[in-house]
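This report describes a protein model from its overall dimensions down to single residues. The sequence and the structure are shown first, and the description follows.

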Amino acid sequence: MKIVVLGSGSAFSSRSRHNSCYFVEAGGEKFLLDCGSDAMRAMQDAKVDFFAVDRIFITHMHADHSAGLPAVLTAMHVLERKKSLTVYIPFSQIEFARWWLANMFIYNGRMSFDVALVSLRPGVLKYGGVELEFIKTRHLEKYAEYAEGFGIVPLSFSVIVREGAKKFFFSSDLASLDEVKSLLDGGVSLVEATHPTLEEVAALSRGRDIDIYLTHIPMELEDGGEWRAELKARFGIAKMNSVSDGQVIVL
Ligand SMILES: [Zn+2]
């Protein structure tokens, strides 16, 4: 299994970090997890082939995880992609996504390739030699009352990618690290660093013999920021892994 970090930034992309986007090759399948606002540029920077992607999974509809979708689809059309593509959208927003893309003149028959929009729900999807388990998180529960007014179920997912005994966990956005602690054992985990507290981040590295990398790095947690010094001073943690754009993780 191979994971290429295309966007390890937070809601604000920076000079060195794009919004959330990851290219995964596993079990003969190639797909994107998230398609943040500058995903097209992120793919170009990491030299990911626009024709190589077979599926795109959107973990939730915040712009830094989803807003690059029309641009990526448009780029594929400009490059004259022929192979159809499947895009997975949290189920309560799939009609919005259909309307959103149609208003950008992205519809089958006009584009050089067909796009199938599929509802993403909690549960397991299997393709070839890979299994993806989508787990509902509490990241968007704070919007429940507001969303109800629009008939929207606020849905956000973490995902576990399995290829045989290999396991890759991507937290995407969370309300708290507590909700995914039990999912971190084994394999490699990418855990977002924007929403958890420093205490929660510190607790991650204690007593665990597993590969955890921080991603979704907000500007105040950039290398050279105060946070590494604070982790060391307050929690005695000398080393905490974080990923960078373009980084390749092989399991
Ligand atoms: Zn979010």
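## Burial and the overall fold

A residue is called buried here if 20 or more other C-beta atoms lie within 10 Å of its own, exposed if 12 or fewer do, and partly exposed in between. The model is predicted, and by this criterion 39% of its 251 residues count as buried.

The protein contains seven helices and 13 strands, and its C-alpha trace spans about 60 × 40 × 35 Å along the principal axes. The radius of gyration is 18 Å, which agrees with the value near 18 Å that a compact globule of 251 residues would have. Of the contacts between residues at least 6 apart in sequence, 62% join residues at least 24 apart.

Seven strands make up an open sheet of mixed pairing, in the order 6-5-4-3-2-1-13. Strand 6 and strand 13 (248–250) stand at its edges, and because each has a single partner strand, one side of each is left without a neighbour in the sheet. From one strand to the next, the twist averages 20 degrees.

Within this order, strand 1 (residues 2–7) pairs with strand 2 in the antiparallel sense over five bridges. In strand 2, Phe23 is the bridge partner of Val4, and Tyr22 is the bridge partner of Val5. Strand 2 also pairs with strand 3 (residues 29–33), again in the antiparallel sense and over five bridges, with Val24 standing opposite Phe31 of strand 3. Strands 2 and 3 form a hairpin with two residues between them, and Gly27 in the turn has a positive phi of about 55 degrees.

In soluble globular proteins, nonpolar side chains tend to be buried together. The largest nonpolar core of this model has 57 residues, of which Leu6, Tyr22, Leu32, Ile56 and Phe57 touch the most other members. Strand 2 (residues 21–26) gives the most to this core, with five residues. Five of the six residues of strand 2 are buried, so this strand is largely enclosed by the rest of the structure.

Helix 4 lies across strand 5 (85–90) and strand 6, and runs at about 155 degrees to strand 6. Ala97, a residue of helix 4, is buried, with 20 other C-beta atoms within 10 Å. When residues up to four places away in sequence are not counted, Ala97 touches Ile89 and Leu117. Ala97 and Leu69 are 28 residues apart in sequence, while their C-alpha atoms are 9.7 Å apart in space.

Arg41, in helix 1 (residues 39–45), is partly exposed, with 19 other C-beta atoms within 10 Å. The C-alpha atoms of Arg41 and Ala52 are 16 Å apart in space, and the two residues are 11 apart in sequence.

## Two residues with positive phi

Most residues other than glycine have a negative phi. Phe105 has a phi near 60 degrees, a positive value in a residue other than glycine, and Ser172 likewise has a positive phi, of about 45 degrees, although it is not a glycine.

Phe105 lies in the loop between helix 4 (94–103) and strand 6 (115–120), whereas Ser172 lies in the loop between strand 10 (166–170) and strand 11 (188–192). Is each of these residues buried or exposed? Phe105 counts as exposed because it has 11 C-beta neighbours inside 10 Å. Ser172 counts as buried because it has 28 C-beta neighbours inside 10 Å, and the cut-off for burial is 20 or more.

Terms used. Residues are numbered from 1 along each chain as its sequence is written. This is a predicted model: local features need pLDDT of at least 70, side-chain atom pairs count only at pLDDT 80 or more; totals for chains, interfaces and linings use all residues. A nonpolar core is a set of buried Ala, Val, Leu, Ile, Met, Phe, Trp, Tyr and Cys residues joined through C-beta atoms within 7 Å. Helices (H or I, at least four residues) and strands (E, at least two) are DSSP runs, numbered from the N terminus. Two strands pair if DSSP finds at least two bridges between them. Axes are lines fitted to C-alpha atoms, for helices over the stretch in contact, and angles run from 0 to 180 degrees between N-to-C directions. Two residues are in contact if their C-beta atoms, placed from the backbone, lie within 7 Å. The radius of gyration is taken over C-alpha atoms; the globule rule is 2.2 Å times the number of residues to the power 0.38.
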